[in-house]
Amino acid sequence: MGSRPVLEVKNLTKRYGSITAVDDLSFTVERGEVFGFLGPNGAGKTTAISILSCLVQPTSGSATVCGHDVVRDSLEARRCMGVVPQEIALYPSLSARQNLLFWGRMYSVPASELGRRVDELLEVVGLADRANDRIDTYSGGMKRRINIAAGLIHRPETLFLDEPTVGIDPQTRRSILELIKSLNEDGLTILYTTHYLEGAEFLCRRVGIMDEGRLVAVGTRAELVESIGAADVITVVADNLPTDADALARGLDGIRRAVLADDRLTLEATAGSRALPRVVEQLSGAGAGITSIEVSSPNLESVFLHLTGKTLARSNEDQA
Amino acid sequence: MRTIWQIALHNLRLIASDRAAMFWLIVMPIVFTAAMGFALRGGGGSSGDVRYALTVVNMDEGPRGQELLTAIESDDEIDLLTLPAPADSAANASPPTIADAEATARELVRSGNRSSVLIIPTDFTERLEAGTGATLAFVRNPDRTNPLVTRQAVERVIARRNVEAIAVEGVLEAYETLRGKPDPMTSVRLAAGLGTRVMDAMEKPLFTVRSERVGRPEAVMPQMGFTHSSPAMALMFVLLNGLMLSSVLVSERRDRTLIRLMSAPVRRGEIIAANLLWRFLIGFCQMWVLILFGRFVFGVDWGDGAVALLLVSVSYVGAVAGLSVLIGSLSRTAKQAESLSLLLALTMCALGGLWWPLEITPKTYQLVGHLIPTGWAMDAMNNLLSRGYSLWLVLPQVLVLAGFALAFGIASTIAFRYE
Amino acid sequence: MTFLHIAAKDLRIRLRDRNTLLLGLLLPAALTAIMGFAFSSDSGISEIPITIVGPEDADFLSEAAAGMLSRHELFDVAVSDETRAIEDVRNGHRAAAIVIPDSLFEAVSGGHSAEFVVYEDPVSSVKSSIVRTMMEQMADAGNAMSALGRSIFLTIDDVGELSDAERFALNGWMFDWMRERWEDPPIAIASSDESVREISAVSYFAPAFTVFFTLFTLLSSARSIHEERDAGTYGRLRTTPVTRPSIIAGKMLATYTQGVVQVLLLIGLSGVLFGIDWGSSPTAVAAMALVTAAGASGIAIFIAAASRTGTQTDQIGTVVVLVMSVAGGSMWPMPESFEPVSRLTFNYWAQQGFSNLVVHDSGFAGIAIPTAVILSIAAVLFAVSVLILRRD
């Protein structure tokens, strides 16, 4: 392989007073890879990306982007990266075209090339016919797409995407994920942070699981699943779940972990289908009214649950 | 009724928790009124204390010039600033002429440093004593009011001097008319007899003028400039803030909370009434905070017609609230509502006589001022505070203001929409 | 060069905003028009209604007085009794009532004093004070003449007692002589106006409002420093290879350019709408516009830089701008004795510069000092703002 990693992070730490937002982060991202940071809100993902985008200085540790240190050589580092922030960072009273032209100029894209590049991007994100409309007339999904386009205007070597699908409908989310995948297929290296399982599973080759500022595990999906020992995830939704339902479930044979949240009980089971009847019996006996049960084979969610003892958000719910 | 009250209360709570809004409603008007008050008081704002600066260049080689200055200086209204006579030009040793002095004076006035300069010529005493008459030069800046006052003050002093000066001449000529030219001895007797008679007689003026303000003589309503009279400021700030609150309605439309309200069991009329009510309450409280602040901190005398003042404030604030909801109903964006509010508020202040008295404006202007609530409100304030009107006599203004309130209320009801 | 793009982007956003046009152009134009309307007649007072009240048994006196005053176009004179007259003043129908004392004749002949009373409407204080001042002047003149007359009488009488015939003759002679002599008094005063140009209220207020409203619109433009931070576009800018100095320079340039455009537009508008003659040197006017914009944008940017949020910019900025504008004479000419304080404000110097151009047509000479002062203020404020913004 021989080519240098696009992103190299070594012992990166950021403290705000007594709070450690990022704790001794170390990982690399290879050229052409999609690397995902998966973790709940507050895990430190946005802070990590802020450091890598040269917005925030780390307390200790180092990071290089395309071989340039983000602190000492920040100007060069910024030239090679594109950033898509979590919030829509566009000028609402300007049109999509005007926004993209502006950001292109900020990256010193030559004037001769800029117009063409803008048209190209508008095609890619499917908004060529609305190019001259003001951003404040766009729907949420459309804004997100231009938001992404603005990060690509200068043909960066790598793209940092911070929660790009928050607050939009599933269809639009899907189309955006498809867009990102196609960008990667064209060779773009991508760092992608999310608290939604779906995006991480769909896009990322490797995933880093973050919780409370720390990277608790890194690897491909298969590697991570294997590392925790295959386990199914059983999700039970019921009324009148007893408050100690998780403890009850843990007492059952074959149940490794249990997390109770409101009306949802999430279980890590070593052999899901066999553990299921026992679970149903136990809960019904305790007076719960089960409304749905789902059994899924080992996935990132079970990894996450196993490693952190917490559940992730589902893309069809918004746990903002 | 309960619903109206609940909606109104909810909005009041929102405003009260918005520190920025509280700043504009309470702090800003008070700070501004105080600043204005200090500014104009410091500059001699209250009518009793105004002093006008007069610059004098005394080139007189004799004593009469100085006597004149001393007399001018004793005028309470005049603040005398003396300038030394222009220096001899280095080139020639000839003494500076009045032309030099005038040139210097012109420069001073042109640069805006002084409004009026009086120049006493070098031969002032000489000419007076020779009886040939002397002329003072007065250079003024015509776009200031200062020279009007200073010139009058100087003329007053000159008049006395002139009377003294011609007295001897007068008595001699009078005698000659009656009894033929007096011999030297008689002339001396006449001159001596005149003595200080004229001056003494001037000390006991025959004609005096007493002025009396009709109404409430103790009321001080200084009307100059961007008026620092508390009533006009109170009216202005209530109007300004009240109209700016129109943007809240626009935001509610934009945030779709208004349409959500519609899907609740609430009548349209109730929503409109609530909107009028909470704006009215804010305006009313603001008005009275300013009134009381003016009364107890700045010592403004609001008169003893508390009930009348109450009625005036109620009807005025009602009109403002109605107009605010109307603007909010008609505007498409919050910024538009704010800009429109600012435009309307400031022009209504200017036209209504809140910034300068309507009495100095043309009749048409005064008419326009009475097509809007502010003109009537200011009339009511003037009547209450300066003329000491009783409630009955202020009633016409109150009724007109109530009419405005009604009209705006109806218009806003028609224009009201949810999205 | 990126700072130019940043400036262009900012300008495009601001000039698109209809509210900027409304507040920055329409409002000052409207207010200037109103000012012009308000002060359109020369003295502002077109007519002063007054009532003369004479001694009951001497109608001819009040008639004579009324007749004399009516010759002044300014006065609308009526004759009435005291009670009615006071009532009319109280109602605001008459600005003032002049009461001629009953004892006038006795006073004049007997040497006792006679007191005129002027009843004033406190609401029409300007008009009534004109009446009072006029009465005082007449009284002064009357006093001077009567003092002179009496003294001459007494003095001649001392030398040799005056017969009745002599008294009569002297009376007549005295009147004529005094009137004649007064026309060529020993001390005269000759007034000369420094300026030769026509002044109108609009000439004062057009520049005053230009300065005032430019300050306000630039304040809301400078506020964009905080708005961009809140919207995330500033953060995004910081992830691009654009340096902080470029961003700061771009924003300052945008604010300054907007100021220049606004001032020039307002100057142009007032020339067209109100016929204001800005002087014979257009280059001096343009120079003054550039200078004024520099001062205003310096102040606006400084306030935005020193504030922590957009709301704070609005609040502090409004108070500062208002107080400074009042003190500097942008709302109303300040009394002369207030000048030392006025001189501390930007508004004062901008007003001076424009005034010299409009009123005195002094060209570059008249704007030299204001330019120096304003540019110094602007330089300091810009420098401090850069220091603050660089610390981010």
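These legends accompany close-up views of a predicted model.

**View 1. Chain B on its own.** Chain B has 419 residues, and 46% of them are buried. Its secondary structure comprises 17 helices and 5 strands. Take the contacts in chain B between residues at least 6 apart in sequence: 77% of these join residues at least 24 apart.

**View 2. Where chain B meets chain C.** On the chain B side, 97 residues are in contact with chain C; on the chain C side, 94 residues take part. Helix 6 of chain B, residues 146-179, gives the largest share of the chain B side, with 21 residues. Sorted by class, the chain B side holds 52 nonpolar residues, 25 polar residues and 20 charged residues.

View 3. Strand 4 of chain B (residues 134-140) runs parallel to strand 5 of chain C (residues 187-193). The two strands are joined by 7 bridges. One residue pair can be picked out here: B:Ala137 has C:Ala190, in strand 5 of chain C, as its bridge partner.

**View 4. Where chain A meets chain C.** Here 19 residues of chain A are in contact with 17 residues of chain C. Two helices of chain A, helix 2 (74-80) and helix 3 (96-106), each supply at least two residues of the chain A side. The chain A side counts 12 nonpolar residues, 3 polar residues and 4 charged residues.

Key: Residues are numbered from 1 along each chain as its sequence is written. Chains are lettered from A and ligands numbered from 1 in the order in which they are written. This is a predicted model: local features need pLDDT of at least 70, side-chain atom pairs count only at pLDDT 80 or more; totals for chains, interfaces and linings use all residues. Two residues are in contact if their C-beta atoms, placed from the backbone, lie within 7 Å. Helices (H or I, at least four residues) and strands (E, at least two) are DSSP runs, numbered from the N terminus. Ala, Val, Leu, Ile, Met, Phe, Trp, Tyr, Cys and Pro count as nonpolar, Asp, Glu, Lys and Arg as charged, and the others, Gly among them, as polar. Two strands pair if DSSP finds at least two bridges between them. A residue is buried if 20 or more other C-beta atoms lie within 10 Å of its own, exposed if 12 or fewer, and partly exposed in between; C-beta atoms are placed from the backbone.
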